[in-house]
Amino acid sequence: ESNNIAASKLESFSGVPEQQASIKGSAIMDVRHHVCAPDALAAMSCDALLLVVAGDRPDKALAAPLAAILKAALAGGDFELKAGKALYVHAPQGVKAQRVVFAAAGAGSATPGAKAFRSAVLKGLAQLKDGGAKHLAVAWGGDVELDAAHAEALVTAVHDATYVYRYTKPSAPAAGKLAKVSLLCRQADTKAVGQGLKRGQAIANGMLLARECANRPANHCTPTYLAEQAKKLGKEYGCKVDVLDRKAVEKLGMGSFLAVAQGSHEPLRFIVAHYNGAGAKVAPVVLVGKGITFDTGGISIKPSAEMDEMKFDMGGAASVLGTLRAVAELKPKLNLVCIIPTCENMPGGAAVKPGDVVTSMSGQTIEILNTDAEGRLILCDALTYAERFKPAVVVDIATLTGACVVALGHHHSGLFCADDAVAEQMLDASRAALDPCWRMPLDEEYDEALKSNFADMANVGPRAGGAITAAMFLKRFTAKLPWAHLDVAGTAWRSGAQKGATGRPVGLLTHFVLGRVADR
Ligand code: BES
Ligand code: MN
Ligand code: ZN
């Protein structure tokens, strides 16, 4: 296809030489499970033994000498059976592992779920941070058997805790030595646990890709760079990846996307990647990710405080690439199309101005009252483009509004979905992945806010309900599609001392996509 340009021929104005190496998978490649009885834990050969304990008398589930150590620590007040508590013991007598950590998953209930298990694992790992352990073994002291959800949670937690950003900070301490993780199960039937570990590995690799892309500064992670990453993924996993440039986007009539991109010297890209795991007639799941590699606000310029964080404004796009990687690794029998409109939002002599009216690919005209509401302007044309795939469902993912952060904070992503069945699937996926989202309203009444005297719609409404009116704007472009929208402005990255991308919502999206197989 003439629109499909080779990655090597694309030029970038970032002033940074083209990166040859693709973003690697995790260093922790060896993740497995073993059957191990409680009285064999002390003899387990590993560098660090992490015991997640639960219930009122967790020592009863253990054998000497570990039971005795735990009992004495509890009696001496050095450890408590409260979520968040952990105890490190170095080289205890009679235990083969040099390092032992007890981590409490809460008292009372003997059956904490995967969420409590993950929290305890993270607390336990914090005790081992900067240590020399290469092989970590994790055992579970609860009454219930470990299942797939525990296994998946363990893998994603270990990756989360050991991730280090080094790409533009080579002086950062090298990632820990941890290379092998063993999950010790009591039960003989470990099939589900094995599947959970595999899914966890795939999701962790997807999250790593999303995190690494999003953390890279905007002079490195340009639209061209994102297109290269997509091409590399395509090569690695045998997926077809098309990259459209400005000319092709003009031909398609994406006046709204073009308006956002016109203020920047950095060339725009429109990325379309296909994972084909089912027959050509099977309607695909389509994911659309907002890929603003830097959002200054344009002529409606943002205040300078914390503007650096707008390099994360391609977090939606990064999560779509991450999900593609996870799905391609797991090879489910379904079709997936990933669409990423990507550009910078810059002020300048050529930039779009407040009051300008543009014609979207759908034919609807838009009065751009605020150039900082650019995400919806690039997404609307991508959603119209998605129609050609006759999707079973379309989900867009975007760091769309500050209002969503005000509404939900940093724990839940905002879910907007007119279809109750799809909304339930999204919520189920978010619970299964421990990657929470919360459903928000989409009532007709909110549509009023987008009225314009000069176009079919304005791109902003009043401040109140800003996350909802943004979703209402996108809804006008999805009349022909079963559609859900995730506003990840509060969840795609952290600010402050822990500033950095989270890799969310790759877990949610991967579970959602996998769930669509069972669905048919
Ligand atoms: N990328 C921002 C949304 C954002 C802001 C995410 C802060 C995370 C933190 C988006 O493009 C934007 O600027 N939205 C505006 C919309 C407004 C002009 C209607 C906002 O939220 O202020
Ligand atoms: Mn903006
Ligand atoms: Zn933005």
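Ala91 is placed in the loop between strand E3 (86-90) and strand E4; helices (H or I, at least four residues) and strands (E, at least two) are DSSP runs, numbered from the N terminus. The model is a predicted one, in which local features need pLDDT of at least 70 and side-chain atom pairs count only at pLDDT 80 or more, while totals for chains, interfaces and linings use all residues. Residues are numbered from 1 along each chain as its sequence is written, chains are lettered from A and ligands numbered from 1 in the order in which they are written, and side-chain values use heavy atoms, with hydrogens and water left out.

Although Ala91 is not a glycine, its phi is positive, at about 45°. Its relative accessible area of 40% makes Ala91 partly exposed, since buried means under 20%, exposed over 50% and partly exposed in between (1.4 Å probe, protein chains only). Glu306 also has a positive phi without being a glycine, here about 65°. This residue belongs to the loop between E10 and helix H8 (315-330), and Glu306 is exposed because its relative accessible area is 57%.

Ala105 sits in the loop between strand E4 (99-104) and helix H2 (114-128). With a relative accessible area of 8%, Ala105 is buried. Beyond its neighbours within four places in sequence, Ala105 is in contact (heavy atoms within 4.5 Å) with Val52, Val53, Ala54, Pro112, Ala116, Ala120 and Trp140. Its C-alpha atom is 9.5 Å from that of Ala86, which is 19 residues away along the chain.

Cis peptide bonds occur in two further loops. One joins Ala64 to Pro65, with omega about 0°, and Pro65 lies in the loop between strand E2 (48-53) and helix H1 (66-75). Another joins Arg504 to Pro505, again with omega about 0°; Pro505 is in the loop between strand E20 (500-501) and helix H13 (506-519).

Turning to the metals, the manganese ion (ligand 2) is coordinated at 2.1 to 2.2 Å by Asp295 (OD), Asp372 (O), Asp372 (OD) and Glu374 (OE). Donors are N, O and S atoms within 2.8 Å of the metal (3.2 Å for Na, K and Ca); water is not among the atoms, so sites may look incomplete. Six donor atoms surround the manganese ion (ligand 2), with angles of 71 to 169° among them, and the site is irregular. Under the geometric rule, four donors count as tetrahedral if all angles lie between 85 and 135 degrees; four count as square planar and six as octahedral if opposite donors are over 155 degrees apart and all others between 65 and 115; anything else is irregular. The donor residues of the manganese ion (ligand 2) follow the sequence spacing D-x76-D-x1-E. This pairing links distant parts of the chain: Asp295 is in strand E10 (residues 291-295) and Asp372 in the loop between strand E13 (365-368) and helix H9 (375-386), 77 residues apart. Asp295 is buried, at 3% relative accessible area, whereas Asp372, at 21%, counts as partly exposed.

Lys290 is buried, with a relative accessible area of 2%. Asp295 coordinates both the zinc ion (ligand 3) and the manganese ion (ligand 2), and these ions are 3.1 Å apart.

Ligand 1 has 16 residues around it, of which Lys302, Asp313, Asp372, Glu374 and Gly402 come nearest; a residue is near a molecule or strand if one of its heavy atoms lies within 4 Å of it. An N or O atom in the side chain of Lys302 is 2.8 Å from an oxygen atom of ligand 1. A polar side-chain atom of Glu374 is likewise 2.8 Å from an oxygen atom of ligand 1, and a backbone N or O atom of Gly402 is 2.7 Å from an oxygen atom of this ligand. The protein covers 76% of the 510 Å² of accessible area that ligand 1 has on its own; accessible areas come from the Shrake-Rupley method with a 1.4 Å probe, and for residues only the protein chains shown count as cover.

How values were computed:
Polar contact = N/O pair within 3.5 Å; in protein donor to acceptor, adjacent residues only side chain to side chain.
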